[in-house]
Amino acid sequence: MSLIRVENLAVGYEGIAIEKNINFKVDPGDYLCIVGENGSGKTTLMKTLLNLQKPLSGEIIYGDGLKSDEIGYLPQQTVVQKDFPASVREIVLSGCQARCGRRPFYNREEKHLADSNMERMGISDLGRRCYRELSGGQQQRVLLARALCATEKLLLLDEPVSGLDPKVTAEMYELIAGLNRSGVTIIMISHDIQAAVRYASHILHIGDVFFFGSRDEYVASGIGRDFLAEMTEKEMSGDE
């Protein structure tokens, strides 16, 4: 059974659709990259999947026991978030909040989960450090550990390598790929089309044209070839 099935979805704001007739599914173990032109509605779609905003029409069906509040989410970071004055362990633990219900404290199991995910992300030695003192790559590892505390089933990642240098970017992609190989389903927004076709199992392209299918189908399609060529040209000219 699919974790998420989207049928005839329209997303947007204040009744104005940015994107319509979106249809795709995400099965357990998939690695789906959402690509498309700037302003095509990628982040709006992700927020709708998370129930942070309502769809204008259509349906999102959650399967395999998944609920919208059981999805780990790594949003694009703002300047304010990067300067957050909490410790690494406090931020990772905050990913367990949904597990607490009305309980105003974290129990032993939740603390163990946070420590386990910090170790998994290679940041155990940073637990007492202030988040805002970390490098961009370290901050993203902290947020990934936090997201994993929310769920082990599905992670939604919005431009997780934005602003990172090439070496750290490559490390982050490998880290995400490793999570996927371990059984975590990934949905990732990416402007890096080369990385998308390298790592993803499936591609969702939205904007003026729509495509959903396997990575190989996308690369072989006219949409995929044209977008790959366009983005490669922009990268070489320094427009990205």
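1. Helices (H or I, at least four residues) and strands (E, at least two) are DSSP runs, numbered from the N terminus. The expected span of a helix is 1.5 Å times one less than its number of residues. Helix H5 (residues 108-120) has 13 residues and should therefore span 18 Å; its end C-alpha atoms are 18 Å apart, which agrees.

2. Basis of this note: the model is predicted, so local features need pLDDT of at least 70 and side-chain atom pairs count only at pLDDT 80 or more, while totals for chains, interfaces and linings use all residues. Residues are numbered from 1 along each chain as its sequence is written, and side-chain values use heavy atoms, with hydrogens and water left out.

3. Faces of H5. Buried means under 20% relative accessible area, exposed over 50%, and partly exposed in between (1.4 Å probe, protein chains only). The buried residues of H5 are Glu110, Leu113, Ala114, Asn117 and Met118. They cover an arc of only 135° around the axis, which puts them on the same side of H5; the arc is that of the directions from the helix axis to the C-beta atoms. Arg108, Glu109, His112 and Glu119, on the other side of H5, are exposed. Contact means heavy atoms within 4.5 Å. The buried residues of H5 pack against helix H3 (88-93), helix H4 (97-100) and helix H6 (136-150).

4. Ends of H5. The N-terminal end is capped by Asn107, with a side-chain oxygen 3.1 Å from the backbone nitrogen of Glu109. A polar contact is a pair of N or O atoms within 3.5 Å; within protein, one must be able to donate a hydrogen and the other to accept it, and residues adjacent in sequence count only if both atoms are side-chain atoms. Just after H5, Gly122 has a positive phi of about 70°.

5. Two strands pair if DSSP finds at least two bridges between them. The order of this open sheet of six strands is S5-S6-S7-S3-S8-S9, and its pairing is mixed. Strand S5 (72-74) and strand S9 (211-214) are the edge strands, each pairing on one side only. From one strand to the next, the twist averages 15°. Axes are lines fitted to C-alpha atoms, for helices over the stretch in contact, and angles run from 0 to 180 degrees between N-to-C directions. Helix H7 (residues 166-181) lies across S3, strand S6 (154-158) and strand S7 (185-189), at about 145° to S7.

6. Strand S8 (residues 202-205) pairs with S9 in the antiparallel sense over four bridges. His205 has Phe211 as its bridge partner in S9, and His202 stands opposite Ser214. Five residues separate the two strands, and Gly207 in the turn has a positive phi of about 135°.

7. Three-stranded sheet. A second topic is the open sheet with the order S2-S1-S4, whose pairing is antiparallel. Its edge strands are strand S2 (16-26) and strand S4 (57-62), and the twist averages 30° from one strand to the next. Strand S1 (residues 4-13) pairs with S2 over seven bridges; Val11 stands opposite Glu19 in S2. Helix H1 lies across S1, S2 and S4, running at about 120° to S1.

8. Ser40. This residue sits in the loop between strand S3 (31-35) and helix H1 (42-49). Ser40 counts as buried because its relative accessibility is 7%. Its side chain reaches the backbone oxygen of Glu37 at 2.7 Å. Not counting residues up to four places away in sequence, Ser40 touches Ile18, Glu19, Ile206 and Gly207.
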